[in-house]
Amino acid sequence: MTHNLRNAILLACAALGVAGTAAVGTASADTKAACSDLEIVFARGSGEAPGLGITGTPLVSDVKSALSSDSVSSYAVNYAASYDQTSAGPGATDMSNHVKSTAAACPDTKFAFGGYSQGASVTDIAIGIRTALGTGGTIPEELAPRVVAVIAFGNPLGLYGQTIGTASPTYGPKSLEFCNRGDNVCGGTGTGPGYGHLSYARDGSVDAAAEFIAKQYTAS
């Protein structure tokens with residue numbers, strides 16, 4: 001990663017930390033002892049308090065509303081989400097380990113997973129995409145049929161002209177990504193409805209992502 005590129009990500013994520021702390025507080029993942037029909041595994045952005053974060057929290061809520069006749073649980077990836085962008089690899093390991101353990105304990109549970117900002121890089125690594133933000137554990141290929149959707153908001157992969165759709169033959173067809181105009185973290189391609197790195201939670205992106213997950217789950 002170049003010096004200028006790392007600085008661009010750090011500046012955007014510093015702003016996220018200020019906004020995220022106020023919005024997120026001490027939110028924690030919604031967990032259930034019993035196996036659910038669908039589990040959403042989500043990685044928050046850099047600087048956010050532990051939990052699902054400013055995008056993951058409303059995303060889970062919206063999916064639960066859309067799939068009210070099915071049980072929907074969630075897991076917040078347990079990782080540092082550090083400003084220096086060095087924690088994506090360990091985050092991917094936690095994501096993949098959780099999916100593997102839940103899949104083994106709950107053979108009928110399906111999954112949707114994703115992340116925001118550095119959390120999107122966590123997701124990239126966990127599904128086997130090489131990134132500039134480290135390496136970590138990956139989700140076994142045999143579990144791919146149980147994954148109904150992969151979501152990314154402000155994915156740094158876009159800085160290299162890639163998306164999950166172009167980089168992953170396995171998960172690309174199940175993916176939906178948002179990169180707003182002016183979002184330097186993901187290259188500012190303008191594929192999202194809002195502007196900048198901090199608007200995904202309120203610009204309609206989360207609503208569209210929840211609708212996509214619900215549709216993918218129903219179709220599966």
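Which residues does M95 touch, not counting residues up to four places away in sequence?

Reply: This is a predicted model, in which local features need pLDDT of at least 70 and side-chain atom pairs count only at pLDDT 80 or more, while totals for chains, interfaces and linings use all residues. Residues are numbered from 1 along each chain as its sequence is written, and side-chain values use heavy atoms, with hydrogens and water left out.

Leaving out residues up to four places away in sequence, M95 touches V41, A43, V77, F113, G114, V122, T123 and A126. Contact here means heavy atoms within 4.5 Å.

M95 is also one of the residues with the most contacts inside the largest nonpolar core, together with V41, F113, V122 and Y171; this core has 29 residues. Two or more residues each come from β1, α3, β3, α4 (118-126) and β4 (147-153). The most, five residues, come from α3. Another core, of 28 residues, lies apart from it and includes I54, Y116, C179 and Y217. A nonpolar core is a set of buried Ala, Val, Leu, Ile, Met, Phe, Trp, Tyr and Cys residues joined through side-chain atoms within 4.5 Å. Buried means under 20% relative accessible area, exposed over 50% and partly exposed in between (1.4 Å probe, protein chains only). In soluble globular proteins, nonpolar side chains tend to be buried together.

Helices (H or I, at least four residues) and strands (E, at least two) are DSSP runs, numbered from the N terminus. β3 runs parallel to β1, with six bridges between them, and A112 in β3 is the bridge partner of I40. β3 is also joined to β4 by six bridges, again in the parallel sense; there, G115 stands opposite A152 of β4. Strands count as paired if DSSP finds at least two bridges between them.

I54, named above in the other core, is one of the buried residues of α2, along with G53, T55, G56, L59, V60 and V63. Helix α2 (residues 53-66) has 14 residues and spans 20 Å from first C-alpha to last, close to the 20 Å expected at 1.5 Å a residue. That expected span is 1.5 Å times one less than the number of residues.

C179, also in the other core, is joined to C186 by a disulfide, S to S 2.0 Å. The torsion about this S-S bond is about 95 degrees, so the link is right-handed. C179 is buried at 7% relative accessibility, and C186 is buried at 1%.

A disulfide is a pair of cysteine sulfur atoms within 2.5 Å, and by this rule there are two. C35 and C106 form a disulfide as well, with their sulfur atoms 2.0 Å apart. At -75 degrees about the S-S bond, the link of C35 and C106 is left-handed. It ties together distant parts of the chain, 71 residues apart: C35 is in the loop between α1 (3-24) and β1 (38-43), and C106 is in the loop between α3 (88-105) and β3 (110-116). C35 is partly exposed at 42%, whereas C106 is buried at 10%. With the bonded cysteines numbered in sequence order, the pairing is 1-2, 3-4.
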